[in-house]
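Subject: Structure for your review

Dear colleague,

Please find the structure below, handed over for your use. The notes after it set out what was found.

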Amino acid sequence: MNRILALLLLLLLPQPPLLAADTGWLQAPEHPPVQVRLVQTGPFDAAAAHYPALLQVRLADDWKTYWRSPGEGGIAPRLDWQSSGNLLGLDWQWPLPERFTLLGVETQGYQHDVDFPLQLTPADGTLPVRLDATLTLPSCTTICVLTDYHLQLDLDPDAVVADETLYHRYQQAVSRVPRPASLVQVRQLVWDKAQQQLAVSLHNPRGWQRPAVFVDELDNGIFSQPRLKVEGERLEARFRVGSWDPALDLDGQVVVITATDEGLAEELAGQIEAGVLPPAAARAPLPLVLLYALLGGLVLNIMPCVLPVLGLKLNGLLLGHRSRADVRRPLLLSAAGILLSFWLLAAFMLALTWSGAQLGWGIQFQQPGFIGFMLLVTALFSLNLFGLFELRLPATMNTWLATRPGHGHGGHLLQGMFATLLATPCSAPFLGTAVAVALASSPLVLIAIFTGLGVGMALPWLLLALFPGFIRLLPRPGPWMLRVKWLFGLMLLATSLWLLSLLRPAIGTPASLALLVLLALLALGSLLRRHGARGLVFGLAGLLLLGALGGSLALVTQSRWVSPVKDELAWQPLDPARIAQEVAAGRRVFVDITADWCITCQANKIGVLLREPVYGALQQEDMVLMRGDWTRPDGMITDYLRQHGRAGIPFNQVFGPGLPRGRELEVLLTTNQVMDALAEARQ
């Protein structure tokens with residue numbers, strides 16, 4: 001009777017909640033740096049039909065374990081629960097991993113502490129579950145250890161589990177697991193079998209700040225750490241794919257993609273399509289790029305638009321008796337003007353980058369307003385040298401046209417800035433590489449590279465300032481200086497005519513011809529006014545003599561320079577999507593990205609492309625010629641250049657059965673280089 005009363009009293013009293021099922025912390029004696037624990041974190045969820053649980057892993061020191069796709073080394077953790085009772089399924093959820101690199105091997109996983117949320121689904125929700133599982137957990141530092149842990153849990157659907165701390169940890173772990181995508185969309189998945197690379201193009205309407213992209217491994221493919229390129233709302237991740245299968249082909253396969261960013265972690269799937277990817281730009285070391293920038297800036301001084309400005313500076317310094325300080329000052333000011341211009345260009349590029357606009361070296365020459373301004377300036381410089389301006393100009397204009405000393409320091413500074421503006425349509429060896437790296441780098445690197453370009457271009461001015469005595473070695477002032485002045489005037493007049501030709505599509509042929517006649521009349525009028533009829537006759541005679549010398553030179557070298565004067569090659573508009581199709585059909589493709597304002601492009605055209613044997617080779621039946629005209633802004637061409645790590649032109653490529661990935665040619669083309677590439681593409 002007493003026992004019955006005690007039992008009734010026990011049933012009437014409030015019962016404490018049951019403790020969560022817990023394996024406790026397990027540690028293998030042979031591998032003490034790792035501890036694991038499996039614990040139930042809440043009661044049976046009847047609506048979702050599962051038990052929530054947490055698999056906790058603690059790793060000491062530098063030990064790591066792996067994600068579901070471990071990367072180039074290691075294996076993923078696994079849980080064998082087939083011996084369990086009344087357990088239908090086990091859903092293992094994976095928090096976002098980190099990337100690690102050790103001895104050149106790239107892996108993906110976790111370090112220190114990681115909690116994996118588990119959802120255990122019973123076959124019959126009204127009956128208890130007996131979990132009997134073996135966890136095989138890899139852990140690595142410079143060595144790797146594979147350890148088995150025996151996990152047992154008894155789960156009761158009627159048990160009330162009350163542990164707020166565990167429930168909170170479970171929710172934290174779930175929050176670190178990527179969710180099904182609601183913002184991010186797959187725009188394109190392109191597999192290039194020849195390059196063994198996969199390009200993943202994703203779209204996020206909120207834009208990207210600090211993204212990361214993971215692709216789950218396939219049975220025969222492992223994806224390396226990608227190279228990322230962000231363009232506004234678009235993100236492209238380029239993966240190198242490793243495989244034991246030499247015939248690896250991912251065309252048509254479906255992959256799971258995890259995209260993360262600040263406040264974003266989403267998972268989505270997409271189907272891969274075969275295609276041809278442009279070769280990824282190699283990332284040159286920064287010191288080498290800075291050296292390229294220095295050399296590229298130095299080469300700009302010998303460009304036909306810039307050389308007269310340097311000559312005018314020397315011409316001005318030869319006049320009068322000057323102290324070393326008087327010689328150094330204008331040179332240093334002009335060098336400062338060059339550096340200031342490059343810093344302004346860097347700031348301009350950064351502003352365009354942050355606004356999402358198109359970038360490239362010399363893109364200001366795509367704007368008719370800028371060309372018209374430069375035409376006005378070069379024409380005024382040229383006519384000033386011919387002696388048209390004899391009156392005293394306003395102080396502002398005087399400093400702008402400062403070609404001789406005595407008009408203030410501002411003129412020397414602006415002279416250096418003017419030389420930089422004239423240099424921007426010119427591309428040269430080293431320059432393209434430096435600018436491309438700058439536009440694809442951080443703001444500090446961009447500023448450093450543009451500073452290197454400025455120092456390189458200012459180097460002759462700085463050397464003359466450092467050794468001013470060199471100027472005194474030049475011939476003493478005399479009548480020869482007047483002839484040199486006319487020569488520089490003619491060179492600047494030729495620059496003006498070139499700028500006028502660039503402006504013709506915007507203003508029309510009649511207006512261009514009118515400006516041409518006006519420039520010619522002003523130049524001849526200047527000679528007539530300054531030197532009389534004799535000067536005019538000598539000027540016309542000089543022009544005729546130069547024309548005769550040019551014609552004679554052409555005749556003497558005819559065997560080398562025989563070529564059509566007119567470009568009659570069958571150029572087609574650039575179509576990147578067609579290149580792979582033409583190559584697959586056994587044809588060769590020659591790509592030429594050019595612009596009317598690009599001086600180097602015109603030199604390549606006249607000196608190589610329109611001359612034999614290149615001209616004849618480009619007319620072969622199996623040749624497809626594609627030209628991208630960048631004279632005016634064109635987003636497709638800009639994107640194409642960016643994909644190949646270029647920011648300026650000229651840019652030439654050769655594709656073919658022997659060069660399915662294409663071969664990029666040097667900035668300055670040579671006949672041998674083009675012919676070798678065309679021969680290689682045919683194989």
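Predicted model: local features only at pLDDT ≥ 70, side-chain atom pairs only at ≥ 80, totals over all residues.

Residues are numbered from 1 along each chain as its sequence is written, and side-chain values use heavy atoms, with hydrogens and water left out.

**First sheet**

Strands here are DSSP runs (E, at least two residues), as helices are (H or I, at least four), numbered from the N terminus. Two strands count as paired if DSSP finds at least two bridges between them. An open sheet of 5 strands runs in the order S1-S2-S3-S9-S6, and its pairing is antiparallel. From one strand to the next the twist averages 25°; axes are lines fitted to C-alpha atoms (for helices over the stretch in contact), and angles run from 0 to 180 degrees between N-to-C directions. S1 pairs with strand S2 (residues 31-40) in the antiparallel sense over 3 bridges. Gln 27 has Gln 35 in S2 as its bridge partner.

Another open sheet of 5 strands has the order S22-S24-S23-S25-S26, with mixed pairing. Its edges are strand S22 (571-573) and strand S26 (659-664); each has a single partner strand, so one side of each is without a neighbour in the sheet. With direction ignored, neighbouring strands of this sheet are turned by 25° against each other on average. Strand S23 (residues 588-594) and strand S25 (residues 651-656) run antiparallel and are joined by 5 bridges. Ile 593 is placed opposite Phe 651 in S25.

**Salt bridges**

The whole structure contains 14 salt bridges, each defined as a side-chain nitrogen of Lys or Arg within 4 Å of a carboxyl oxygen of Asp or Glu. In one of them, the side chains of Arg 58 and Asp 113 meet at 3.9 Å, N to O. Arg 58 belongs to strand S3 (residues 51-59) and Asp 113 to strand S9 (residues 113-122), so this pair ties together parts 55 residues apart in sequence. For burial, under 20% relative accessible area means buried, over 50% exposed, and in between partly exposed (1.4 Å probe, protein chains only). Arg 58 is buried at 17%, whereas Asp 113 is exposed at 51%.

Arg 130 forms a salt bridge with Asp 154, their closest N and O atoms being 2.8 Å apart. This pair links distant parts of the chain, with Arg 130 in strand S10 (residues 129-140) and Asp 154 in strand S11 (residues 144-155), 24 residues apart. Both are partly exposed, Arg 130 at 35% and Asp 154 at 48%.

Arg 234 and Glu 236 meet in a salt bridge at 3.0 Å, N to O. Arg 234 is partly exposed at 26%, while Glu 236 is buried at 13%. Salt bridges with shared partners also join Arg 58, Asp 113, Asp 115 and Arg 169 into one network.

**Surface patch**

Leu 340, Trp 343, Leu 344 and Ile 447 make a nonpolar surface patch of about 350 Å². Patches are made of residues with over 30% relative accessible area and no salt bridge; like charges are joined within 9 Å, and nonpolar side chains (Val, Leu, Ile, Met, Phe, Trp, Tyr) within 5 Å. Accessible areas come from the Shrake-Rupley method with a 1.4 Å probe, and for residues only the protein chains shown count as cover. Helix H5 (residues 324-355) gives the most to this nonpolar patch, with 3 residues. Leu 344 lies in helix H5 and is partly exposed, with a relative accessible area of 48%.

With kind regards
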